Amino acid sequence: MREAFVATAGHLLDEDPRVAVVLAAISADVFADAARRHPDRVIDVGIREQLLVGVAGGMALTGMRPIAHTYAPFLVERPFEQVKLDLGHQGVGAVLVSVGASYDWAAGGRTHHAPGDVALLDTLPGWTVHVPGHPDEVVDLLRRAARTDDRVYLRLTNDGNARAHPVGAGFQVLRTGRRAVVVAVGPVLDRVLAATARLDVTVLYASTVRPFDAVGLRAAVLAADRADVVLVEPYLAGTSTHAVAEALADVPHRVRALGVRRDVELRGYGEPADHDAAHGLDVAGIAARIHAFTRA
């Protein structure tokens, strides 16, 4: 996904004089060619993440369309005050593009993990949040974001699905069933499809989670026999439960939220697959919990 992002951002720099890329050392090497072509619009501020977002906000105030990029914890958590004030309070937009996801660089330790990024952005109004599941989706979502002046967060990962799905038209119905509705977000889709292969459930795919497709969720729930919803999100468990509650405010329903556990901080390094298993986000863990929920 990062390669797709870098290539697309380079094309956008060539095509649109409003577009700028702001870096904080991370990925400066892969943007070297673009920086030679556009030295005034590819800016590396060094390891200064608060400045990264501040510069993006300043560019946006002049009418530019900045794309700010670094690891997720350094893009959302460390400079959160600047995200809140320099973008939100000033009423300007930027495209924040992260890498690292929840724990892609497991060996980097907790400093490089960010399972709470989407939940944190949920405390601020007006953000569009994309969680693509395939590199081709990154291309489309980034191009769409560059054409607007909105505040957009694009969350990239090393993980992904075998094929791309359409983006920008709400949740995609990939399978229909009667016992529950499962919302699979971004790169967990293939695992969800494998985990539910023998279950009578509807599977919805979400590459955009904010705004949340309340209409699509309601339609799927009302078409099922039971108003049961399972969220499978590749970040903090329960991040979208409030959106489900709002979408189904007048419908008695149950929700099971799967994601990165809230009750423990994993301090072993390991590999991303080890973290998936520990959080129950591997195929076996997803299958066991959805099976238990739909049978309850």
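Tutor: Let us begin with a pair of strand residues: in β9, Tyr205 is the bridge partner of Gln172. This is a predicted model, in which local features need pLDDT of at least 70 and side-chain atom pairs count only at pLDDT 80 or more, while totals for chains, interfaces and linings use all residues. Residues are numbered from 1 along each chain as its sequence is written, and side-chain values use heavy atoms, with hydrogens and water left out.

Student: What makes β7 and β9 a pair?

Tutor: Two strands (E runs of at least two residues in DSSP, numbered from the N terminus) pair if DSSP finds at least two bridges between them. Three bridges join β7 to β9 (202-206), so the two strands pair, and they run antiparallel.

Student: Why are β7 and β12 called edge strands?

Tutor: The open sheet has five strands in the order β7-β9-β8-β11-β12, with mixed pairing. Both β7 (172-175) and β12 (254-260) pair on one side only, hence the name.

Student: Why is Ser27 called buried?

Tutor: Buried means under 20% relative accessible area, exposed over 50%, and partly exposed in between (1.4 Å probe, protein chains only). Ser27 has 5% relative accessibility, so Ser27 counts as buried. Its place is in the loop between β1 and α2.

Student: Why does Ala25 count as partly exposed?

Tutor: The relative accessibility of Ala25 is 34%, which lies between those limits, so Ala25 counts as partly exposed. Ala25 also has a positive phi, near 75 degrees, in a residue other than glycine.

Terms used: Helix = DSSP H or I, 4+ residues; strand = E, 2+ residues; numbered from the N terminus.
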